[in-house]
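Colleague: Hi! Could you walk me through this one? I'm new to reading structures.

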Amino acid sequence: MMLYKEPAPIKDKENPFESMMSRFNIAAEVLGLDEETYNVLKSPSRQVIVNVPVTMDDGKVRVFEGFRVMHSNILGPSKGGIRYAPDVFLDEVKALAAWMTWKCAVVDIPYGGAKGGIICDPYSMSAGEIERLTRAYTNSLIDIFGPDRDIPAPDMGTGPREMAWLMDEYSKTRGSTEHAVVTGKPLVLGGSLGRVEATGRGVMVSAMAAMEKLGMDPNKSTAAIQGFGNVGAWAAKLMAERGVKILGISDVSGAYWNDNGIDIEEAIEYKNAHNGRLEGYKGAEGMDPDELLTSKVDVLIPAAVEDVITIHNVDKIQARLIVEGANGPTSYKADNIINEKGIMVVPDILANSGGVTVSYFEWVQNRMGFKWTLDRVNGRAERIMNEAFERVYAASQKYNVPMRIAAYIVAIDKVAMTYKYRGGF
């Protein structure tokens, strides 16, 4: 009989929660945060671990481990996605929940941060198995979720389908339809126009604002997009529409490069026709995915997963501007080298907050029982993103710190002031 042995940590991979806290500590020191507020803001307010039994298609019952971390509800109900992945773990979920707190504060919307996850491989499961898993997970957390308490959303491995199941299961227990319990739903179930492209649009808006500060002409600038999923593809499409030449893109199947610029519309059509993958795409030449990150472009957009820019490759990065479409794509240890190289970084908690901004719009529309037009959604989202960028940029200049630390300063200051106005714990 083999005994379970806890796996050793990967030595060259940073703990995401520790990376978040390293930046939090720098910003807290700049702000002169008092000890009480520091201790309240650094720790999640609640962490829940659940075992979720699911009857699989073969009739056997399999038990999945799930998490839900509520980092803060100081600004309002906690808000955050649910991740289905075989390698999701508690510290990752804690970090993502904290990032959501700072993300909501940066764009000045009345949410705290949360995140959920289930250890599973959704790509090896049938639709029926995923539905039963989603409904069972919802029932396990039925006293946690709620339009005024904790509002889930899609993340890696989940989408509108799973959010529809979650909303339906929650509604059954309440005896009424509760659209506002979840965001990222299908349009017919109260989803918002503009939500699908919202995160990518926010990345584009952030990139354009940063390029203006750096004196970069979009029509004379080049970019590479690492990660051509929903966020990366929309960011590429919207930036290309504004004149930026996209030279490189990548996904799980590999990286692709064209010196003359990639036809993004064509690449998206190809991906959609081939199970969401670029494998076999003929509009560009294949290249080493690692080389995409260090390619000679003006703008680099990491829009895939955590820790792709590390101390092992940061010294080779040639871009003048990094706009983080993914959560945590740059490790803490790489920050100093990026700063020494004079590269501006629009950090994740600012650059990819377009998604939660439009999720907030969805929640507002659900509670009003009224739908906004696409132009209104996009116009308000772009205004919020531009205002947030200017706040962060002003803090960067005021405190003479990089944009990443400035974003944390803006966010922590807002949450700390709200905590004090509310009278503490």
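Modeller: Happy to! One term to begin with: strands here are DSSP runs of at least two residues, numbered from the N terminus. Also keep in mind that this is a predicted model.

Colleague: Got it. Which residue does UniProt list for "active site"?

Modeller: The UniProt record, an unreviewed entry, lists Lys115. Lys115 is in strand β4, which covers residues 112-119.

Colleague: Is Lys115 buried or exposed?

Modeller: Lys115 has a relative accessibility of 4%, so it counts as buried; the cut-off for buried is under 20%.

Colleague: And what is Lys115 in contact with?

Modeller: Leaving aside neighbours within four places in sequence, the contacts of Lys115 include Phe67, Arg68, Val69, Gly80, Gly81 and Asp155. Val93, Leu96 and Ala97 are also among them.

Colleague: Nice. Where does UniProt place the "binding site" feature?

Modeller: That record, again an unreviewed entry, places the feature at Lys79, Lys103 and Ser359. They span 281 residues in sequence, yet no two of their C-alpha atoms are more than 12.6 Å apart, so these residues gather at one spot.

Colleague: Tell me about Lys79. Where is it in the chain's strands?

Modeller: Lys79 is in strand β3, residues 78-85. Its relative accessibility is 1%, so Lys79 counts as buried. Not counting residues up to four places away in sequence, Lys79 touches Ser359, and its other contacts include Met100, Tyr111, Asp150, Thr183 and Val356.

Colleague: What about Lys103: which helix is it found in?

Modeller: Lys103 is found in helix α3, residues 90-106. With a relative accessible area of 5%, Lys103 is buried. Beyond its neighbours within four places in sequence, Lys103 is in contact with Asn327, Asp348, Ile349, Asn352, Ser353 and Val356.

Colleague: Switching topic to helix packing. At roughly what angle do the axes of α6 and α13 cross?

Modeller: The axes of α6 (residues 198-213) and α13 (residues 374-399) cross at roughly 45 degrees and come within 9 Å. That angle makes α6 oblique to α13, and α6 passes α13 in a right-handed crossing.

Colleague: Which residues make the contact?

Modeller: From α6, they include Arg201, Met204, Val205, Ala209 and Lys213. From α13, Asn378, Glu382, Met385, Phe389 and Tyr393 are among them.

Colleague: How many of the contact residues are nonpolar, polar and charged?

Modeller: The residues of this contact of α6 with α13 divide into seven nonpolar, four polar and four charged.

Conventions
Residues numbered from 1 in each chain as written. Predicted model: local features only at pLDDT ≥ 70, side-chain atom pairs only at ≥ 80, totals over all residues. Heavy atoms only, no water. Axes fitted to C-alpha atoms, helices over the stretch in contact; angles between N-to-C directions. Helix = DSSP H or I, 4+ residues; strand = E, 2+ residues; numbered from the N terminus. Parallel < 35°, antiparallel > 145°, perpendicular 65-115°, else oblique. Left-handed = near helix turned anticlockwise from the far one by under 90°. Contact = heavy atoms within 4.5 Å. Nonpolar A, V, L, I, M, F, W, Y, C, P; charged D, E, K, R; others polar. UniProt positions renumbered as here; feature names shortened; annotations may be inferred. Buried < 20%, exposed > 50% of the residue type's maximum accessible area, 1.4 Å probe, protein only.
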